[in-house]
Amino acid sequence: MHIRKMYPLWLLLPVLLIYGSLYIIPTLSGFYYSVTDWNIYKESIQFVGLQQYRDLLDVGDLMNAMKHTMIYAIIVTVLQNGLGLCLALVLTSRIVGRNWFRTIFFLPCVLSTLIIGYVFSAIYQPDGILNEFLRFLGLDFITTDWLGNADVALYSISVANVWQYSGFTMAIYIAGILMIPKEMIEASIIDGSSYFKRVRHVVFPLLAPSFTINVILSLIGSLKVFEIVFALTSGGPGDATEVVNTYIFDQFSEGMYAYGTAANVCLFIAIAVISFIALYVLRKREVQL
Amino acid sequence: MQRKKRVWFALLAMMLLVVMTACGGKAAESSESTATASATASETAQAQASETAAPKKDPVTLKVMMHADWAKGGPWAEIMKGYEQKSGNKVDLQIVSDNFEQLVLTKLATKDVPDVLFFFSQSSAIKKLNPEKNLVELTDEPYMSRVNPTITKYYLNEGGKIYGIPTSGMNVSGVLYNKKVFADLGLAVPQTYDELLAVSEKIKAAGITPFYEAGKDGWPLQVFSFSGFANLLDKQPDLMEKINTHQVTLDQIPEFIDLLQKQVDIVNKGYANKNLFSGTYDLSLDELATGKSAMVVNADWALPTLLAKYPDAPIGMFPQPFEAGSFVGISDPQAAYALKNSPNVEQAKELLAYLAEPEILKQYYDAAKTMPSWLGIEAPLNQGTADLKPIVDAGKAAPFFNGLTTVSIGDFAKELQSLYGGDKTAVEVAKALQKNMDTAAKAAGLAGW
C-alpha cells in the first residue's frame, strides 16, 4: 500500500495513452480490417466476415510461409541459446581480455540488420569468402551457392541471424551467471564436481530465469523475422525462404490490404499461442527448482 | 484484490505481446527510404528567369515526383530548368528511389499529392491511381494526336480515357548479344529456337557462357516470355480479351506453357551461367560487354547503362528467336500525369503541354537515344535499338502481356525462379500466375470471376 501512496496510478496515464493510440488502436483496427474486403481497387470497405481467412487457407501460400517461419524459429532459438550460453560460460571464466571479448561478441546486435544482410550476402556469394575458405581447406564438395540454393538458403539466413544476436543472448546469460551465489559454486567444487557436472547440475538450473527470457525473446524475434530475410533473399529463390512477414509485405505491395492484414492476424495468433505455451512450460521448470 | 491484479497483469501481458508482434509488420512500411532530392534550378537560373520572361501569373512551385531510375534515363533536370525559365514557375523535382509505387499510393490515400506525377502507364497501374477521382483527363488535348497510336491504344488509358503523356521511349525486348563473340566464332544471328540452341552449343564449346541469367534479381527472367507472348498476340488477337474475361486461364494456353518450357530448357541444357541465383542484372551487363557471356535476354533499356560503362562494347540486338520473323515485345513507357486535387492544376497541365513540345521531346530523345513514343521525332539510336527498329516499323511488335491484363499477374519473377530451381513445372507456374490473377480479380469485383 505504501507504494500506491508514493506513485499514484494515474501517473501511468500518459504512457497508456501513447501506448493505446500508437499501438493498441492500430492493432485492434488491424483485427477489424482483416474481416473486410479492403484492397486497392475498392472505393468503400465492406464487412465480409472470415472470407480473407478462408482465402488464405485455400491458397495455401501462407501455410508454406508459416512452415518456413517455424523451421527458422526453431533453428535460431536453439543455436542462439546454445551459442550464447557457451560464450557466457567462457567469458565468465578467468580468461585474458574477457571484457574486450564481451564487447566484441555483443557488437553485431547494435548494427543495422540491413548492413548485416549486405555483409553476409558478400560472404555467401558463390565465389565469396565462405566458399573460398572451404576450398582452401580442401572441402570443395561442401561449397554451394548459399543463398541461391533453395535447399540451404533458409539455413544460411538463420546462421546470419544467430551470428547477430548470440551476443545479446550471451549478455543476459552473463548477467544470470554473475547472479549465482559464489558459495554454491564453491560448495560444489569442495564436493569434488567436475566442470561439466558443475555446469549441468549447479549453473544451468540456477540460470532458469535467464533461460526463460532468452528463449522467449529469440522465439518471438525469429517468428516475426523480416529484415534479414528481405535483405538476403527477399523470400527467394522462388518461395524457398518466404516467411510470413515477407509474404505479408508482398500482399501489401499487390494492394491486397485486408488479405495481408488477415495474414498478420494469423501470425499474431501463432506467436501468442506459441509464446504462452513456451512461457508456461519454462516457468513450470523454474518453479520446480 | 488478487483477482484485480491478475486482470491487470493479463491486460499488460496482452499489450506487450501486441506491441512486440505489431512492430514486426511496421518495419516493412517504415523502411521507405525516400531519397527526396530537390532539384530546383540554380539561383542564377532563377534570377535570369525573373529578368527575361515576365510571368503572367503569380509564380507557383510545382511538385513533380518521379522514380530515381527514370531521372537517370533523361535530362530531366535541364528540361525542368527550361520550363522554370519559360514560365517563371518553380519546379520541385522529388526523386524517389525505393518503394516508389507504395509511396505514391500512400500519398494519394493521404491526399498529400504532387502536382505532376511520373508513373507507370499500363491500365492496371493507372487503375491503382483511381483515375476518375485523382487524374486530369487528357484525351482531348491537342498534343495527344502526336503520340504514337500503338502507345495510346495499349497504354496511358483506363476505361477508354487517356490520362497521361509518355515521358520515355518505347523499349523493345529481345536478345542483346556480343557481336565480337559471334564474329570470332563465325556465328550468324539465329532465326528460330533450334538455331538458337545450335548457336548456344557452339558458344559453350568455345568456353563462353551462352546466356547470362540474372536469377538473383529475378525480374530479367520475365523478358523471355514477354517477347514470346508478342508472337502469340499476333496469331490470337482476342487472346488478351479472353484472359481478361476469364474465358481462358493461363494454364490452358499450350503456347504459353511451351514458352515457359523453352525458357527453362535453355538452363536445363546447360547454356546459362552457373550459380544462376547469384546472377544480377548489373553483372549480366558486365559479362556481356566483356565477352565472358555471349547473350543476355533483356530489353534495350540496358544499352544506355551498359554503354556508359563500356562505351566501345560491340553490342547488338536480335528478336528473341522462336520462328522465322519473330516479334519483339514493347514495354510500357513511363508517363506523366496531372493530379486533379492539386491546387495548381492549370500550371500542371501547362507543364505537361511544355513536355509535349517537339523541341523538348527532341532534347529528351537526343539524350536518351531510345525509340520515341511520339510521332515525327527523329533521334539518334543506340546500336542495339537501331537493329530492332526495322522490325518495329514493320509492325512486328506487341506489348508486354503483363501490362495488358486488367489485374496484376503477381510476382512473375518469383514464379520463374521456382521454375528454374525445379520447384515448379511450367504448368504449375502458369497455374500460380492464374491464381494471383483470380485473387486480384475477385478483390476488384471483375465480371467473369
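In which sense do strand β7 and strand β9 of chain B pair, and over how many bridges? Strand β7 (residues 173-178) and strand β9 (residues 293-299) of chain B pair in the antiparallel sense over five bridges. Two strands count as paired if DSSP finds at least two bridges between them. Within this pairing, B:Tyr177 stands opposite B:Met295 in β9(B).

The model is predicted: local features need pLDDT of at least 70, side-chain atom pairs count only at pLDDT 80 or more, and totals for chains, interfaces and linings use all residues. Residues are numbered from 1 along each chain as its sequence is written, while chains are lettered from A and ligands numbered from 1 in the order in which they are written.

Chain B holds 20 helices and 13 strands. Helices (H or I, at least four residues) and strands (E, at least two) are DSSP runs, numbered from the N terminus. Of the 449 residues of chain B, 46% are buried. A residue is buried if 20 or more other C-beta atoms lie within 10 Å of its own, exposed if 12 or fewer, and partly exposed in between, with C-beta atoms placed from the backbone. Two residues are in contact if their C-beta atoms, placed from the backbone, lie within 7 Å. Among contacts in chain B with a separation of 6 or more, 79% join residues 24 or more positions apart.

The strands β7 and β9 belong to an open sheet of four strands in chain B, ordered β8-β9-β7-β10, with mixed pairing. β8 (209-211) and β10 (315-318) of chain B stand at its edges with a single partner strand each, so one side of each has no neighbour in the sheet. Neighbouring strands of this sheet are turned by 25° against each other on average, direction ignored.

Another open sheet in chain B has five strands in the order β2-β1-β3-β12-β6, again with mixed pairing. Its edge strands are β2 (90-96) and β6 (164-166) of chain B, and each pairs on one side only. The twist averages 20° from one strand to the next. Strand β1 (residues 61-67) and strand β3 (residues 116-119) of chain B pair in the parallel sense over two bridges. Here B:Met65 has B:Leu117 of β3(B) as its bridge partner. β3(B) also pairs with strand β12 (residues 335-338) of chain B, in the antiparallel sense over four bridges. B:Phe118 stands opposite B:Ala336 in β12(B). Both faces of β3(B) are covered. B:Val116 and B:Phe118 on one side are buried, as are B:Leu117 and B:Phe119 on the other. Helix α4 (residues 76-87) of chain B lies across β1 and β2 of chain B, at about 160° to β2(B).

Helix packing comes next. The axes of helix α13 (residues 254-268) of chain B and α20(B) come within 9 Å and cross at roughly 125°. Axes are lines fitted to C-alpha atoms, for helices over the stretch in contact, and angles run from 0 to 180 degrees between N-to-C directions. α13(B) is therefore oblique to α20(B). Angles under 35 degrees count as roughly parallel, over 145 as roughly antiparallel, 65 to 115 as roughly perpendicular and the rest as oblique. The residues in this contact include B:Phe256 and B:Leu260 of α13(B) and B:Val427 and B:Ala430 of α20(B).

Chain B also touches chain A. This contact takes 35 residues from chain B and 37 residues from chain A. α1(B) gives the most to the chain B side, with 11 residues.
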